[in-house]
Amino acid sequence: MTTGVVVAVVLFALAALALVARRDLVFKLVALGMINGSTVLLLVSLPRSVGRPPIAAGPLAERLADPLPQAFVLATIVINFAVLALALVFVMLLVERYHTTDARRIEQLVHEEEESCSSS
Amino acid sequence: MRRRQAALTLAGAAAAIGFCVVALLTIDLPGDAALPREALTAVRDKTGVSNLVAALLLDVRLYDTLFELFVFSMAVLGVRSFLKDSAGPAVREPLAESHVVRHAAYVLFPAVALLAAYLAVFGHVAPGGGFGGGAVAATGFLLVCVALGVEVLASRIRDGVLEWIEGLSMLGVLAFAVLPGAAWGELLSNPLGGGRPGGLASGGAIPALNLLIACKVFAGAWAVTYHFVRHRGEV
Amino acid sequence: MLLVLIPIVHLLGALLCLIGDRAARAVARVSWAVSAGLVVAVSVAVTRAGELTVRVGGWPTRMGVELACDQVSLAFLALLTILHGSVLAYEWGTRRRRSFYVLVSVLVGAAAAFTLSRDLFNMYVLLELLTLASYLLVGHARRPEQLWASLKYLVLASFGMGLFLMGAAVIYAHLGTMNLPAIGEGLRAAGDAPWVRLAAALLVTGIGVKSGIFVLSLWLPAAHAVAPSSISALLSGVVVKMGVLGLLRFAEILPVHDALLVLGVLTGLLGIGFALFERDLKRMLAYSTLSQIGYALVAFSVGTRAGALAGDAYLAAHGLFKATLFLAAGTAIRATGETAVDRIAAARQKIPRAAGVALAVGTLGIVGLPPLAGFWAKELILTAGGGALVSTMVVVLGVGTAAPFARIIPLLRLGRAGGVRVGERVALAALSLGVVAFGGSVVWWRGGYGPALGQLALEAARAVAVAATGALAYALLKRSRVRLRCVRFFLEEATLIVLVVFFVVFALVGAD
Amino acid sequence: MSAVVVLAALPVICAYALFQRRRWVAVLGMGMASFLLAVVYVLQGAPDVAVAEAAIGAALVTFIYVLAIRRTGRLVVIAAEVPGLLHRRGREVDGVEFEILQGFATKLGLDLTVRFATFDDAMEALRGGSADILAGGFVPQTGEPALVTRGFLDTRFYVVGAGEPCEAPRFRDELRALLRRVEAGDVPVTIDLARLLALMRRGVEAANVAATDAVGHYAFGVCRRRPDLHARLERHLEEIEATGALERIVERYLA
């Protein structure tokens with residue numbers, strides 16, 4: 001087991017804790033980014049994917065890093081960017097409306113609005 | 001409310017520690033797994049691309065990459081349609097007015113642009129590739145944006161143009177992915193591949209795909225940041 | 001060849017939709033027609049050959065992507081094509097912007113690709129694409145509650161996807177491939193190693209967030225209920241099913257049957273509980289989607305091919321009647337201007353006849369009255385060979401499914417004629433026809449109905465009894481004036497629940 | 001080996017970034033972590049991934065986050081602490097006035113800072129320009145040395161203690177001082193509703209309290225040199241009153 005794997009698992013757990021314990025949406029999104037980062041780290045730190053860069057014109061090097069996880073991870077990084085950008089847009093629009101980034105307060109405000117809509 | 005928050009934090013901490021313990025105790029990774037060297041060599045020789053990651057990304061798993069590009073497109077589409085006509089006022093003043101920043105940006109921009117071009121063009125023989133190249137190019141533009149203010153750039157590059165660049169390069173990617181295969185072989189394969197691994201003119205459609213992806217990622221990332229800058233964000 | 005083309009047609013359509021608003025409508029219809037043609041061709045090929053397999057680009061399966069179409073995939077593809085067509089028809093004549101058609105095309109393309117996919121990482125990419133497309137569609141109209149529902153959905157879904165990708169990484173570390181059949185072989189060789197449990201728990205929990213398993217999918221009712229009705233139909237009919245389909249694929253290779261049974265029972269019961277007390281029509285339908293997912297999971301937990309096919313058939317049937325219900329509900333809501341069931345009932349003379357009939361067909365279908373889709377699908381689960389627990393659950397869930405729908409009995413009038421667009425009428429009629437004709441296709445598929453006619457009558461009588469019990473239960477409950485507090489789900493608790501479910505699944509894996 | 005050192009730093013950075021209070025620190029911490037990850041990838045033989053992570057994860061993502069959370073300045077509120085209206089709760093501040101001002105600050109893209117002080121010190125700070133807005137159960141009277149906004153919440157006055165009140169209303173004292181006065185019981189004092197509720201929660205008996213006919217309202221004070229800010233705050237108050245948001249805020253804290 002490489003250090004990278006341990007660190008990846010720890011990062012994942014830390015970020016998951018932040019998702020549960022932090023109510024601020026910005027922190028939640030940062031935590032999501034770290035969750036994504038930790039999965040990337042895990043894939044690249046698997047024992048088979050640590051080695052020499054998989055770029056070779058001649059015969060393949062003896063201790064070559066597995067290129068397949070790297071291809072996966074490239075896709076993952078782009079996907080994560082997409083997800084985070086979109087989430088951030090929605091947070092910005094919500095803040096414009098509710099003037100707060102507190103997830104619980106937004107939940108309450110949305111609920112109150114629905115109540116007042118249905119009672120009127 | 002506070003008690004509930006404390007309970008949540010405690011439970012979350014317990015779950016996080018539990019997760020660490022469970023995962024690290026059971027993951028049990030094999031010390032050394034053998035790579036399928038013959039298969040990798042076959043991939044390298046068939047595509048003619050010395051960067052195996054590029055070969056896998058743009059040929060062997062091109063099918064995945066197509067969808068991944070669409071994920072990126074979705075994000076750009078979303079950012080554009082949600083921030084385009086929302087209430088946020090456009091920023092008039094430049095983000096930074098410092099002379100140092102401005103001159104630094106002018107000096108850095110050509111270097112960054114050159115780096116981006118290198119990454120995209122040589123993506124099949126050296127580390128980098130379309131995704132990295134496009135993102136680096138977008139970062140370079142951000143530098144200029146910081147120096148000049150976004151409105152100056154926006155007056156030169158219209159958002160509609162970016163949209164077209166993005167759509168057309170995506171169409172190009174689809175065409176390069178599907179058409180050669182449809183004409184000379186299997187769908188989503190790279191029949192023009194081959195050549196001497198490590199040469200610039202190797203790899204069939206892969207260099208073209210790299211360039212197109214760089215265009216697309218650049219246009220998309222730039223559009224995203226542009227809309228973020230225009231919509232004076234306040235979270 | 002054909003298999004690769006189906007998603008590509010949708011993706012190309014999505015790109016061409018970007019040209020302009022009017023072009024988008026035309027392109028969306030054309031790409032639907034082309035893909036429908038392809039699906040017909042594929043289904044002919046599959047019935048002839050049993051299963052179609054494609055290695056994309058001709059690469060070996062260890063590295064490349066493999067696509068396969070068997071009967072399960074085919075059922076989903078057919079459902080997808082029908083629902084996509086109905087949604088396009090339903091929106092015929094409305095002034096949707098091009099981004100709507102782009103998103104729908106991408107959503108359907110990703111779903112089609114997912115039904116065919118046999119690759120773990122490919123599944124991950126497609127799930128993310130599905131998430132983003134539905135995320136944008138839910139928040140499409142930008143009302144704050146839609147934005148919030150969407151955001152909750154996105155945060156939870158990408159947390160789930162993080163778990164999923166970790167599971168995939170664990171599997172790749174040991175087996176060196178992402179190809180599902182190859183993974184299956186490798187896992188058989190690995191037996192009951194601890195990392196198998198870890199990978200199974202990560203994968204099941206991760207995909208569970210997306211698949212409407214109740215405790216994991218607290219986001220679902222909020223998201224589905226605030227989306228435009230045609231989108232609700234797609235989300236409930238197809239997108240949730242993709243997660244369940246992923247679970248089915250895992251159930252084929254991982255030892256997770258007990259976990260699925262537990263999750264299925266929980267999902268079913270909780271979904272019913274919440275549906276019973278929900279007043280908002282669309283949200284009630286969304287909760288009932290959860291209880292129906294419970295049926296499919298219970299069927300999957302049987303662990304046989306018949307069980308998988310039965311669950312699959314149930315999902316297809318559910319896709320048909322739930323889409324009917326959502327579209328009809330959308331029309332009814334538009335006509336009356338109300339969203340709560342009792343208020344719609346108060347203004348029921350305004351409900352157009354087409355919607356009234358479709359609502360009736362959908363309701364009778366979902367409670368499982370004999371000639372309609374629900375009855376046949378439940379029959380398939382009962383005859384799939386599960387134990388007494390499975391049969392009991394089917395009956396209990398049947399009663400529970402019927403009970404919330406007793407609430408909309410007041411809506412079931414013929415209503416006034418007219419008041420709907422032509423496209424709407426076509427969509428509702430096509431889906432209702434699907435609900436009615438489903439039984440025929442089941443009989444055709446199995447090459448005739450097995451049991452004798454007398455037994456069939458017995459089964460029909462039981463189905464009627466179950467539905468009646470459900471209605472009675474609702475009446476009793478209404479008398480007793482039990483009030484459940486409106487459920488609000490907070491993001492923090494939901495995230496915690498996902499983590500807890502991870503441990504539960506971890507404990508349950510491999511127990512069989 | 002060097003990869004191990006960098007990796008060891010990662011959990012520390014992430015833990016600090018996620019569990020401290022400032023948003024921009026969290027965002028920069030994420031960018032930093034991303035950059036370190038890119039270094040790790042280079043060391044572990046994944047240069048392609050490193051380029052993508054550095055360009056996308058470290059540069060682009062951080063940049064859009066910074067754009068989203070950046071503020072153009074800071075809004076300093078100085079206030080006396082009055083439970084319900086503006087009070088501390090642990091390390092956070094809460095209350096009706098806080099929520100109104102938070103919304104206002106967010107609308108202007110400003111960071112809100114609340115400082116607590118006695119009323120006289122607060123007024124002094126406002127006059128000196130070291131604070132922008134005065135809050136904390138401020139019931140304006142004629143001739144205030146500050147710009148006064150419209151009232152956003154009505155209040156009544158109460159007399160605590162027996163006898164005729166002979167002094168000016170004491171609703172500018174600190175709560176503790178008020179409580180001491182009332183407990184001493186020598187002179188009856190006139191106070192407003194919010195302070196009365198706070199006192200009653202601290203053990204002042206209802207028997208000693210008599211309502212008066214006088215009414216007033218809570219408002220904000222704005223620094224004299226900031227007429228623009230005053231106008232915008234007025235508009236903001238008008239707006240939240242019109243949309244009913246104000247009513248909901250008040251209900252949440254004072255119902």
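This is a predicted model: local features need pLDDT of at least 70, side-chain atom pairs count only at pLDDT 80 or more; totals for chains, interfaces and linings use all residues.
Along the principal axes, the C-alpha atoms of chain D occupy a box of roughly 85 × 40 × 35 Å.

Chain D is divided into two parts, domain 1 (2-69) and domain 2 (73-255). Between the C-alpha centres of these two domains of chain D there is a distance of 44 Å. In secondary structure, chain D contains nine helices and nine strands. Buried residues account for 45% of its 255 residues. Of the contacts in chain D between residues at least 6 apart in sequence, 70% connect residues at least 24 apart.

| Property of chain D | Value |
|---|---|
| Box along the principal axes (C-alpha atoms) | roughly 85 × 40 × 35 Å |
| Distance between the C-alpha centres of domain 1 and domain 2 | 44 Å |

The report now turns to chains A and B. Here 41 residues of chain A are in contact with 49 residues of chain B. On the side of chain A that touches chain B, the elements that give two or more residues are α1 (3-21) and α3 (67-98) of chain A. The largest share of this side, 17 residues, is supplied by α3(A). By residue type, the side of chain A that touches chain B comprises 36 nonpolar, two polar and three charged residues.

Note on methods: Residues are numbered from 1 along each chain as its sequence is written. Chains are lettered from A and ligands numbered from 1 in the order in which they are written. Helices (H or I, at least four residues) and strands (E, at least two) are DSSP runs, numbered from the N terminus. A residue is buried if 20 or more other C-beta atoms lie within 10 Å of its own, exposed if 12 or fewer, and partly exposed in between; C-beta atoms are placed from the backbone. Two residues are in contact if their C-beta atoms, placed from the backbone, lie within 7 Å. Ala, Val, Leu, Ile, Met, Phe, Trp, Tyr, Cys and Pro count as nonpolar, Asp, Glu, Lys and Arg as charged, and the others, Gly among them, as polar. Domain bounds come from an automatic or database domain assignment.
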